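Have the model open while you read.

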Amino acid sequence: MNLHEYQAKELMARHGVQIPLGYPATSVEEAKTAIEKLFNEGHKRVVIKSQIHAGGRGKGTFKDGFQGGVHLADSINDATAKAESMFGNILVTKQTGEEGKQVNRLLITSAEEIKSEYYVAVLLDRAKGRPIIMASAEGGMNIEEVAKESPEKIFKETIDPDLGLQPYQGRKIAIALGLRGRLIGQCGKLLQCLYETWAECDASMVEVNPMALIENEEGAESVVALDAKMSIDSNAMFRHPDIQAMRDLSEEDPLEVEAGKFDLNYIKLDGNIACLVNGAGLAMSTMDAIKHYGGEPANFLDVGGGASQEQVKAAFEIILSDPAVKAILINIFGGIMNCNTIAEGVVAAAKETDLKLPLIVRLEGNNVEAGRVTLAESGISLITASSLAEAAQKSVEAAK
Ligand code: ADP
Ligand code: MG
């Protein structure tokens, strides 16, 4: 599950990471209150930041031509006008795709005097089986590009999960980033707090881009997190009801949200052959077979080992609500699953939805005879196949 910047910052702040003062807003009214609050507290400039689940906001463009999803403002009127331009508007960035994302929330935060920007992230190194912290002095840049063109500019420290990020490791990274004097200790501490956020929230990734060296009005320097990105391991969500409450369903694919309600593993893809399969491995083989015969799957859908008729029906409805779908391939291997349950679910769903699309079915295993009878006697028109290869081939033809 992904979080908004302001939510990630809140979690980081709870673990001791320094962040600029800021308030989230879900309406122009709330934004105005936050803006006035910051100016009244003595801040001379504020930043208005679009909150969407995608990066590259600063360099993004709104669909109505308004440039930039992150704006500095030096008066209450200026800030309010910018907040008004962003609310409800659709922001297109390198990460949103052409369709963009609607801005329904803003973060109003104090503007800092930036002296340098850095990149830091904590994630899991699957090869090492350990968390790592990654940092670069090329902050604000696209980190994938830095990794490709000048990998020597990225510093990594492997973390022992029993010990956490050690103080010397934090200082080592701070020095590698070019920080000196008192700032080495301060940055090291921030990195330790960032690691603790990652570990205690069961995050799969936390990223601060930029972490910035800033200067206050008295000329004192410090290191703070100016941007924050965080994703939480969904399998650990039951341990974090407070983080669960931060979920923003409007940022997620509506079909995937619907599938989640029925415990179906559904991921929408770009093709036109819908798949309904039991078991993740079989679902992947089915997609491979479709591609092998020149087709494109419209989705990944695993109904699980012991799906009920109700789940099959829900799966069917989800598949059909994707207008790109031109054919449906059902591939079931009945191990725990009873083939007749699937067959009954399919018949019920096909009748209820008045299905017109070609339906290709391959059933095998537990109670398959009863399943075949149910399908044959149902009166719905379908294309049967006895092997995965045949089923895939027939689906590709049918989708044409
Ligand atoms: P994104 O990565 O989505 O473009 P950021 O939060 O990184 O969004 O903002 C883009 C840029 O805006 C940052 O690299 C930084 O230079 C500037 N910026 C962001 N927040 C602040 C702030 N509080 N004060 C001053 N500048 C900021
Ligand atoms: Mg950023």
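Contact here means heavy atoms within 4.5 Å. Helices (H or I, at least four residues) and strands (E, at least two) are DSSP runs, numbered from the N terminus.

## Ground rules

This is a predicted model, in which local features need pLDDT of at least 70 and side-chain atom pairs count only at pLDDT 80 or more, while totals for chains, interfaces and linings use all residues. Residues are numbered from 1 along each chain as its sequence is written, chains are lettered from A and ligands numbered from 1 in the order in which they are written, and side-chain values use heavy atoms, with hydrogens and water left out.

## The chain as a whole

The chain has 13 helices and 19 strands. Its C-alpha atoms fill a box of roughly 85 × 50 × 40 Å along the principal axes. Of the 400 residues, 49% are buried (under 20% relative accessible area; exposed is over 50%, partly exposed in between, with a 1.4 Å probe and protein chains only). Take the contacts between residues at least 6 apart in sequence: 69% of them join residues at least 24 apart.

## Two helix pairs

Two packed helices are described by the angle between their axes and the distance between the axes. The axes are lines fitted to C-alpha atoms, for helices over the stretch in contact, and angles run from 0 to 180 degrees between N-to-C directions. Under 35 degrees counts as roughly parallel, over 145 as roughly antiparallel, 65 to 115 as roughly perpendicular, and the rest as oblique. A crossing is left-handed if the near helix is turned anticlockwise from the far one by less than a right angle, and right-handed if clockwise.

Start with helix 2 (residues 28-40) and helix 3 (residues 76-86), whose axes are 10 Å apart at an angle of about 150°. That makes helix 2 and helix 3 roughly antiparallel to each other, and their crossing is right-handed. On the helix 2 side, V28, A31, K32, I35, E36 and F39 meet I76, A79, T80, A83 and E84 of helix 3.

Now for helix 10 (residues 309-320) and helix 11 (residues 339-352): these axes come within 8 Å and cross at roughly 45°. Helix 10 and helix 11 are therefore oblique to each other, again with a right-handed crossing.

Helix 1 (residues 5-14) is mostly covered, with seven of its ten residues buried: E5, Y6, Q7, A8, K9, L11 and M12. After helix 1 comes G16, with a positive phi near 100°.

In helix 13, the buried residues are L388, A391, A392, S395, V396 and A399. They cover an arc of only 130° around the axis, so they sit on the same side of helix 13 (the arc is that of the directions from the helix axis to the C-beta atoms). Their packing partners are strand 15 (273-277), helix 9 (280-292), strand 17 (327-334) and strand 18 (359-365).

Most residues other than glycine have a negative phi, and most peptide bonds are trans. D202, not a glycine, has a positive phi of about 55°. D202 is in the loop between helix 6 (182-200) and strand 11, and counts as buried at 17% relative accessibility.

N367 also has a positive phi, near 60°, in the loop between strand 18 and helix 12 (368-377). At 32% relative accessibility, N367 counts as partly exposed. Finally, a cis peptide bond joins N209 and P210, with omega about 15°; P210 is in strand 11 (residues 203-215).
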